[in-house]
Amino acid sequence: MEQRAGGDAYGCLLRCTGIVLLTDYARTLCEEAGAESLAWCAALAGRLLVLAAAWPLLEEIGQRIWSVLG
């Protein structure tokens with residue numbers, strides 16, 4: 001069980017890293033093209049996608065904390 005959780009966490013980290021790299025690249029391209037509002041949207045989309053990708057891991061961490069505390 002613990003090895004599976006570690007693998008899930010590693011996979012989550014890889015997905016989040018990929019999302020951050022791609023959206024940061026898109027944001028940079030938009031900024032260089034002079035589309036500041038589009039760059040802001042790309043950065044926001046990246047943050048939301050990272051949160052969505054990390055949500056299962058964050059939920060599991062929260063459940064483990066609650067099980068320890070109460």
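Author: Let us begin with the core: Cys 12, Cys 16, Ile 19, Ala 53 and Ala 54 form the largest nonpolar core, 5 residues in all. H1 gives the most to this core, with 3 residues, and H1 and H2 each supply at least two. The model is a predicted one, in which local features need pLDDT of at least 70 and side-chain atom pairs count only at pLDDT 80 or more, while totals for chains, interfaces and linings use all residues. Residues are numbered from 1 along each chain as its sequence is written, and side-chain values use heavy atoms, with hydrogens and water left out.

Reader: What is a nonpolar core?

Author: In soluble globular proteins, nonpolar side chains tend to be buried together. A nonpolar core is a set of buried Ala, Val, Leu, Ile, Met, Phe, Trp, Tyr and Cys residues joined through side-chain atoms within 4.5 Å. Buried means under 20% relative accessible area, exposed over 50%, and partly exposed in between (1.4 Å probe, protein chains only). The helices named here are DSSP runs (H or I, at least four residues; strands are E, at least two), numbered from the N terminus.

Reader: With which residues is Ala 54 in contact, leaving aside its neighbours within four places in sequence?

Author: Contact means heavy atoms within 4.5 Å. By that criterion Ala 54 touches Cys 12 and Cys 16.

Reader: How many disulfides does the structure hold?

Author: A disulfide is a pair of cysteine sulfur atoms within 2.5 Å. The structure holds 0 of them. For Cys 30, the closest cysteine sulfur belongs to Cys 41 and lies 8.8 Å away, too far for a bond.

Reader: Are Cys 30 and Cys 41 buried or partly exposed?

Author: Cys 30 counts as buried because its relative accessibility is 15%. Cys 41, at 41%, counts as partly exposed.

Reader: How many salt bridges does a search of the whole structure find?

Author: A salt bridge is a side-chain nitrogen of Lys or Arg within 4 Å of a carboxyl oxygen of Asp or Glu. The search finds 3. Asp 24 and Arg 27 meet at 2.5 Å, N to O, and Arg 27 also meets Glu 31 at 2.9 Å. In helix H2 (residues 36-69), Glu 60 pairs with Arg 64, their closest N and O atoms being 2.9 Å apart.

Reader: Are Asp 24 and Arg 27 buried or partly exposed?

Author: Asp 24 is partly exposed at 37% relative accessibility, and Arg 27 is partly exposed at 23%. Glu 31, at 35%, is also partly exposed.

Reader: Which residues make the nonpolar surface patch?

Author: Patches are made of residues with over 30% relative accessible area and no salt bridge; like charges are joined within 9 Å, and nonpolar side chains (Val, Leu, Ile, Met, Phe, Trp, Tyr) within 5 Å. Accessible areas come from the Shrake-Rupley method with a 1.4 Å probe, and for residues only the protein chains shown count as cover. Here Leu 51, Trp 55, Leu 58, Ile 61, Ile 65, Trp 66, Val 68 and Leu 69 make a patch of about 930 Å². Leu 51 lies in helix H2 and is partly exposed at 43% relative accessibility.
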